[in-house]
Amino acid sequence: MKPTNIAAPDYFHKVVDCQWACPAHTPVPEYIRLIAQGRYSDAYMINWKSNVFPGILGRTCDRPCEPACRRGRVEETPVAICRLKRVAADFKDDITQRLPRPSAKNGKRVAFVGGGPASLTVARDLAPLGYHCTVFDGDPEAGGMMRSQIPKFRLPNSVIDEETGYILNLGVDFKGGHRIDSMKALLAEKYDAIFVGSGAPRGRELDIPGRKEAAANIHIGIEWLANVSFGHTDKIGKRVIVLGGGNTAMDCCRTARRLGGEKVTVVVRSGFEEMKASPWEKEDAIHEDIPILNYMVPIEFKHVAGKLIGVTFQHVKAELDAKGRRNLVPSGDPDQTIPCDDVLVAVGQENAFPWIEQDCGIEFDKWHMPKVDPKTFVSTNPKVFFGGDAAFGPKNIIWAVAQGHDAALSIHKMLSGEDITERPLPEVHVSSQKMGIHEWSYDNDISNDKRFKVPHRDKVIALKDIRTEVELGYDVKLALGEAHRCLNCDVQTVFSTSLCIECDACVDICPMDCITFTENGEEADLRQRLKAPSLHPDQDLYVSSDLKTGRVMVKDEDVCLHCGLCAERCPTGAWDMQKYLIEMTQAGSTCPTKSRSAA
Amino acid sequence: MTYIAKPKFHHPGLKKNELGYTHRDYEGKISTLCAGCGHDSITASIIEACYELSIEPHRVAKISGIGCSSKTPDYFLGNSHGFNSVHGRMPSVLTGANLANRELIYLGVSGDGDSASIGFGQFAHSIRRGVNMTYIVENNGVYGLTKGQFSATADRGSKSKKGVTNTDNAIDLVAIALQLGATFVARSFSGDKTQLVPLIAAAIGHKGASFIDVISPCIAFNNHAGSTKSFDYVREHNDAVNRLDVLVGRDPIAVDYAPGTVQVVEQHDGSRIALRKIDADYDPHDRLGAQTFLAKHAAKGQIVTGLLYVDPDAEDLHSHLNTVQTPLNTLEADTLCPGSAALDKFNASLR
């Protein structure tokens, strides 16, 4: 193998598994260290810069970082990254002084369709640069699906108000209750750029017999949740069936439990394991006495005199066909009818752009989705950009944020007369953490603690009021314990070939047997000759150039604890622990500047 | 040394030996020696050898004297018996322990000061008597704990860190061990674990006095130009006569060696050593030949390493003395002290 080029920004970025997995590339270990130091406001600001909604995401994020967390490969469970983010939001001081100030307007106007996470991210990036941002939303208040679809017992309004407020206070003009129903009309208003962040607002239908006849008691999940959210709906029948296995279904069933649903059942077509809902959301639903029945396909809504009385299901099983594809086929068991008073249909969401006219210069593909460049987020109309669920279909908030940053950069470049396809490289800082012979400016002692549970409110109290938040969040002590579980993967092991005397001290001390000195070879061959088996070929090997004896140093990055013992035991300083901080390029940060960072 | 304890976590794919232990289970406390010390590599090699042999830690007694080397038993086999004796007195403590309980595996860990200076006599007599043990000298040619004076194994003409030339002749412990009748004699280098680990494993399997001289660079005081015990010097002058694999159990020997290059040595404990010859003329069963070979190569400045001599039919001190098979601590009081009638009978036999 060729010597690893550690100067390439991606190499060390990949080692920080959580940050690499996060669509917005939030510097996770950096803010967790600050939480451990009690510097909650600093931790919050790092998050705010990167993911815009720390308090909201700290409660609702789909957490792509946690399955990636290295700790999950070392012991059973990853670090509770998401809930530590909430800790930063919960315990911070007033941070308004740290926010950007509304700046003098540069005369350029940008319109936003929809006031959800994607639009607000773009507005946050653009407003401080002087753009006049006008956000249109059909709902009276900003937040989009974060406000309308996520139940208040998971995400209180106060958190949404606070974090959307930080953005609107940057001088963003929010036009609530103003639904855009014609792109043509909007274009005619001569905005310099338009960003479409209108989400995936339409719940998918379930067209089976009885749908029309029993319509009064069959509700589309996201619409029903929005009605609950805005107070239009405040009760439901005692027996409720929720159809669907995603996070919306989980929100539906838990909301139903709080509005009078005594016997709420979730029914999914495929297996329990295959459900799209996050594991913790399933757990929370089950904890609230909601059974989840699987391998049952709804085939008919039963009704008597226009009143729904139940849903009939066919039992199925999963089979692999000749091509190895998984199919659901009838299992042969007799059909089953489950009696109920109401049904909530949460079988998916769709995009809908009836308001974009054919002749706006915006082309659509055969799935009726706008043609959007996945890097720049520009549509076929160079002035119109898309992001969030509106661009590539339903995903999570953190994706909308990540896409918003990229779209904002494109808009800024376009309006500065630059080529939007040229994307500036991220800014990378690498600095040694050595403070003494065996002292480091980070806590390298590895905690053996298991993952700490987030305290929940008592179930009896939680189920009584739909606005009572279920999760209480970590207290300071639990947060400190959980923060110590972080392995500081951003403090990198950096090897200097010229200093190494091949004494084997690092090999002997490494608790994870990550380091091997051996003859060089092709990657597949080298992976066979490591001191401990290579379990994850997607994790890189760090290979040095040739050493004095002709061998090379090979380090399997997979389960390195970043404990720094290799560097402590190295007599010549050939190993050093260096903190790697990558700042993704956002609008306005095109020229790398010397930025202040927490040590 | 380090302030933090070595983390408990280990690689999830670590292999386990027959006892269900990983090599991490054979570790001791974290080393307090200087960073990069060759002794730590010897520690790691002992851990590896014991792991590979699936030795139950409670069946091992590790005994040492004084010095950097003699601190190391604290860093391996944390669940074994240990005795940190007076300077240079490891061999007599080990001999005594061995006589009292012949069923344990004895690891004597010593250094060049402990064995070639203050304990030279003790070293000689334990080898001469054929005590069943693995005697490891961690040889760095320097008194590290007292800031780098030449030790008795420092080569004449080699330079100290301050530039002083050594005018005394060196003691070659391997040559002495051969001359004193050690039945397993080897030399190795801390920086070459592929050679050292099987040597330790083979020595443990040998019934009789096994002696291994391990050159172990002192990173603080003897790893400079002009030293003959530095990483660079040893790597440049290392002349390995053979490489070996230790085979436990009855598995057939892998046949990917060229015919005639592998020599199999049966050990007392049923294990076998497969010796891969590097020097075709070298015969590890020829004590006299080995002595000559060593002397010739030493004169040329070469450091001969590998398994230098082994007597597969060796006997140990217990068979010479015809001692009881049972460890003394499991004998009943009336057997250990049979009473005045037995004493009278014994005295009568001497009259």
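How many residues has helix α7 of chain B, and how far does the helix reach from its first C-alpha to its last? The points below take this up after some remarks on the model.

1. Basis. This is a predicted model, in which local features need pLDDT of at least 70, side-chain atom pairs count only at pLDDT 80 or more, and totals for chains, interfaces and linings use all residues. Residues are numbered from 1 along each chain as its sequence is written, while chains are lettered from A and ligands numbered from 1 in the order in which they are written.

2. Confidence. The model has an ipTM of 0.91 and a pTM of 0.90. For chain B the mean pLDDT (the predictor's confidence in each residue, from 0 to 100) is 92, and 96% of the residues of chain B reach 70 or more.

3. Helix α7 of chain B. Helices here are DSSP runs of H or I with at least four residues, strands are runs of E with at least two, and both are numbered from the N terminus. α7(B) covers residues 193-205, has 13 residues and spans 18 Å between its first and last C-alpha, close to the 18 Å expected at 1.5 Å a residue. The expected span is 1.5 Å times one less than the number of residues. α7(B) is mostly covered, with 12 of its 13 residues buried. Buried means that 20 or more other C-beta atoms, placed from the backbone, lie within 10 Å of the residue's own; exposed means 12 or fewer, and partly exposed lies in between. Among the buried residues are Lys193(B), Gln195(B), Leu196(B) and Gly205(B).

4. Chain contact. 24 residues of chain B are in contact with 30 residues of chain A, contact meaning that the C-beta atoms, placed from the backbone, lie within 7 Å. On the chain B side, α1 (38-52) and α8 (231-237) are the elements that give two or more residues. α1(B) gives the most, with 4 residues. By class, this side of chain B has 11 nonpolar, 8 polar and 5 charged residues. Ala, Val, Leu, Ile, Met, Phe, Trp, Tyr, Cys and Pro count as nonpolar, Asp, Glu, Lys and Arg as charged, and the others, Gly among them, as polar.

5. Helix pair in chain B. The axes of α3 (residues 90-100) and α5 (residues 120-129) of chain B come within 8 Å and cross at roughly 35°. Axes are lines fitted to C-alpha atoms, for helices over the stretch in contact, and angles run from 0 to 180 degrees between N-to-C directions. α3(B) contributes Pro91(B), Ser92(B), Leu94(B) and Thr95(B), and the residues from α5(B) include Phe123(B) and Arg129(B). The contact has 3 nonpolar, 5 polar and 1 charged residues.

6. Sheet with β16 of chain A. An open sheet of 5 strands in chain A runs in the order β3-β2-β1-β4-β16, with parallel pairing; strands pair if DSSP finds at least two bridges between them. The edge strands β3 (173-175) and β16 (384-386) of chain A each pair on one side only. The twist averages 20° from one strand to the next. Helix α17 (residues 397-415) of chain A packs on this sheet, touching β1, β4 and β16 of chain A, and its direction makes about 170° with that of β4(A).

7. Sheet with β14 of chain A. Another open sheet has 5 strands in the order β6-β14-β7-β8-β9 of chain A, again with parallel pairing. β6 (218-220) and β9 (292-293) of chain A each have a single partner strand, so one side of each is left without a neighbour in the sheet. β7 (residues 239-243) and β8 (residues 263-267) of chain A are joined by 5 bridges, with Ile241(A) opposite Thr265(A).

8. Hairpin of chain A. β11 (residues 307-320) and β12(A) run antiparallel and are joined by 5 bridges; Glu319(A) has Asn327(A) as its bridge partner. Gly324(A), in this hairpin with 5 residues between the strands, takes a positive phi near 85°. β12 (residues 326-330) of chain A is hardly covered, its count of buried residues being 0.

9. Positive phi outside glycine. Ala305(A) has phi near 50° and lies in the loop between β10 (296-304) and β11 of chain A. Ala305(A) counts as exposed because it has 6 C-beta neighbours inside 10 Å. Leu77(B) has a positive phi of about 45° in the loop between α2 (68-71) and β2 (81-84) of chain B. Leu77(B) is buried, with 24 other C-beta atoms within 10 Å.

How values were computed: Contact = placed C-beta atoms within 7 Å.
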